[in-house]
Amino acid sequence: MVKKWWHDKVAYQIYPKSFYDSNGDGIGDIPGIISKLDYLRELGVDIIWLSPCYQSPLADQGYDISDYYSIDPRFGTMEDMERLLVEAQKRNMYILMDLVVNHCSDEHEWFRKACEDPEGKYGNFFYLRDKKDGELPTNWRSYFGGPVWEDLPGTNKQYLHVFHKKQPDLNWENPELREEVYKNINWWLDKGLSGFRIDAIINIKKALPLHSYAPDREDGLCSIHAMLQEARGIGEFLGEMRDRTFRKYDAFSVGEVFNEKPEEIPDFIGDNGYFSSMFDFNETIFGGSAKGWYDAKPITPDDYKRCCFESQAKVGDIGFLSNIIENHDEPRGVSRYIPEGDCFTESKKMLAALNFMLRGLPFIYQGQELGMENNHFSSIDEIDDISTHDEYRVALDAGLSPAEALEAVSKYSRDNARTPMQWSDEANAGFTTGTPWLNVNPNYTKINAASQINDTDSVWHFYKKLIALRKNPAYKQTIVYGSLEPAWEDRHNLMAYYRKGDKTLLVVGNYQREKQEITLPFSYSKVLLNNYKEVTEENGAIRLYGYQVLILEM
Ligand code: GLC
Ligand code: CA
């Protein structure tokens, strides 16, 4: 494997709108991020991924870009962005932006020009079809609900949007469009950006000619996945993009990829892959239902273990997965992966260690280092996220009562992760002096950065130790490049694995409240990390407390 600058790094995702508000308008911003760089440096973070802060109507919170070359005034100015790049570099930190090029905003100049002249140059930047009465060009259901076709204003045509109707899909079949994308990427890399997280990229290749599939719900529509499964040839686009952009800069790229086939992994993230890395979504996908969130099934500790090991085995040493517990599209990991009623400091630390020590690149989502939890929503009106509103409707249509529908979507709502970062126990969790755009989670008086930094037993300090361990020259080779071998794989509520490189480490977590014993096949020389004060041993066995996690050097 060719060694890369980013292999041994630790990454952190910032959702700018909810991170830190510097001017009291209730919206997090880039100056706010700059003022918190030392906080991140102190934790040990190297790479920062910023969710979109480009000019945008914020119909999908910035994932609908109306100008790829400017910063939305709500987040700051281009000078602020340039200052962020400089300030990050001073601290040996790297900034990634979000590359959202499956679609743009319907307020982008390209789309406006397409409306003015659908047969002209910009008409071909989108997927346009002639409008027929009572018939849609295809029966695909958009990710956010309803058909993917919408009337193109002022014309007799319709346009395709696999996400929201304010997010028209860009036509990657058109070389002129692709040139625009590469120009944009290179423009940012020239500015000193270190790379990109690449949004929704599996959607750029459509199965042509566009056609309908068997409906999978009563609405007569079908999931986009039916089409994606049939689409071939995305590699030509992705390879071209890599060669024309990232490769020339040795930039880091991490793809939001869901549906790669095992034999495609080398193409995606091998030595000469389209991307440096891609996220492991195996755990987040688990339990999903074609019917909607209301029908999803919860994940158990044994499922969680199986999902992690499956991905690890699939990728092996071909490349590097990016491992996550949560992101801005998911509920909080501690609320999801820890059984109900058991979400406390020790279990949060256990989950952190089990995920962080997997082979791959650890990504921390803002607030994860504090063990931030899901919010409690008492009404659908407290939720901003468009996708939650759609799922709420789907649940009502399926016959759930409003209270049941709210309960069901609350578990998966993207707004769980989007509540403001909890900095302190001051008003609004210290996030803003104004009115936050989304309510803070009321538990901020207990869970916040200020108190955790002062408490060496906190979740925050545990993350700091995990990061320090990954960077410790004595263990770095093993943790970064070593192989992963599951241990006691069939043992109920126990997740354990070896990391083998120039050292052998054992990571073991007792994924339950009850104690559990393990007998080591050979002895350990050192306890590198423990979320309890001691290791209890008796007759050669280790008795693990509830949710105890150990990292042992063997
Ligand atoms: C990705 C983003 C998500 C967004 C969608 C459309 O999945 O992570 O937040 O809604 O793409 O851009
Ligand atoms: Ca602000």
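The model is a predicted one, in which local features need pLDDT of at least 70 and side-chain atom pairs count only at pLDDT 80 or more, while totals for chains, interfaces and linings use all residues. Residues are numbered from 1 along each chain as written, chains are lettered from A and ligands numbered from 1 in the order written, and side-chain values use heavy atoms, without hydrogens or water.

**Entry 1: strand 2**

Strand 1 (residues 11–14) pairs with strand 2 in the parallel sense over four bridges; pairing requires at least two DSSP bridges between two strands. Helices (H or I, at least four residues) and strands (E, at least two) are DSSP runs numbered from the N terminus. Strand 2 also runs parallel to strand 5 (residues 94–99), joined to it by three bridges, and here I48 stands opposite I95.

**Entry 2: strand 14**

I repeated the check on strand 14 (residues 320–323), where F320 and S322 on one side and L321 and N323 on the other are all buried. Strand 13 (residues 277–279) pairs with strand 14 in the parallel sense over three bridges, with L321 as the bridge partner of M278. Strand 14 and strand 15 (residues 361–365) are paired in the parallel sense over two bridges, and P362 in strand 15 is the bridge partner of N323.

I traced an open sheet of three strands in the order 19-22-21, with antiparallel pairing. Strand 19 (516–519) and strand 21 (536–538) each have a single partner strand, so one side of each edge strand has no neighbour in the sheet. The twist averages 30 degrees from one strand to the next (axes are lines fitted to C-alpha atoms; angles run from 0 to 180 degrees between N-to-C directions). Strand 19 pairs with strand 22 (residues 541–544) over four bridges in the antiparallel sense, and E517 stands opposite R543.

**Entry 3: nonpolar cores**

Of its 156 residues, Y12, M81, W172, F196 and M241 touch the most other members. Helix 18 (residues 459–471) gives the most to this core, with seven residues. The core lies between domain 1 (11–102 + 175–384 + 421–461) and domain 2 (483–553) because both give residues to it; the bounds come from an automatic or database assignment. A second, separate core of 13 residues includes A496, Y498, I518 and I542.

**Entry 4: K348**

I located K348 in helix 13 (residues 345–356). K348 is buried, with a relative accessible area of 6%. K348 and S523 are 175 residues apart in sequence and 27 Å apart in space, C-alpha to C-alpha.

Notes. Core = buried A, V, L, I, M, F, W, Y, C linked by side-chain atoms within 4.5 Å. Buried < 20%, exposed > 50% of the residue type's maximum accessible area, 1.4 Å probe, protein only.
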